[in-house]
Amino acid sequence: MPDPQNPEDRADAPDDAPESAPETAAERRRRRAQFLRELHEAKALRDRVQPRRARAARMRQAMRMRTFRW
């Protein structure tokens, strides 16, 4: 059974990042940009493989934009 006090046994700690070094803002922005790129790619893939659902989503978004009031 893993020991929660032992840092080598913790499942949530990545092996390549030391816990003592805080993440810099540039590293955070780089990780966020990578995540957003992958998310956009996944959404584009989903739209390609499910064209009917993508079209319905576009129609719903267009309806929301038409009925938006200031």
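Predicted model: local features only at pLDDT ≥ 70, side-chain atom pairs only at ≥ 80, totals over all residues.
## Overall fold and surface

The protein chain has two helices and zero strands. Of the 70 residues of the protein chain, 3% count as buried, and the chain exposes about 7300 Å² of surface, of which carbon and sulfur atoms supply 55%.

## The salt bridge

The partners in the salt bridge are R31 and E23, whose closest N and O atoms lie 2.6 Å apart. R31 is classed as exposed because its relative accessible area is 54%, where the cut-off for that class is over 50%. E23, by contrast, has a relative accessibility of 40% and therefore counts as partly exposed, since that class covers values between the limits of under 20% for buried and over 50% for exposed.

## The largest pocket

The largest pocket has a volume of about 160 Å³. Both residues of the salt bridge, R31 and E23, belong to the lining of this pocket, together with A21, P22, E27 and R30. By residue class, the lining of the largest pocket divides into two nonpolar residues, no polar residues and four charged residues.

Elsewhere in the description of the surface, F35, L36 and L39 make a nonpolar patch of about 260 Å². One of these residues, L39, lies in helix α1, which runs over residues 25–49.

L39 has a relative accessible area of 34% and so is partly exposed; patches are made of residues with over 30% relative accessible area and no salt bridge, and L39, at 34%, is therefore above that cut-off.

Terms used. Residues numbered from 1 in each chain as written. Heavy atoms only, no water. Patch = residues over 30% accessible without salt bridge, like charges linked within 9 Å, V, L, I, M, F, W, Y side chains within 5 Å. Areas by Shrake-Rupley, 256 points an atom, 1.4 Å probe, with all protein chains shown as cover. Salt bridge = Lys/Arg side-chain N within 4 Å of Asp/Glu carboxyl O. Helix = DSSP H or I, 4+ residues; strand = E, 2+ residues; numbered from the N terminus. Buried < 20%, exposed > 50% of the residue type's maximum accessible area, 1.4 Å probe, protein only. 1 Å grid on protein atoms, 1.4 Å probe; cavity = no way out; pocket = protein on both sides within 12 Å on 5 of 7 lines; lining within 4 Å. Points joined across faces, edges and corners; volume = space filled by probe spheres on them. Nonpolar A, V, L, I, M, F, W, Y, C, P; charged D, E, K, R; others polar.
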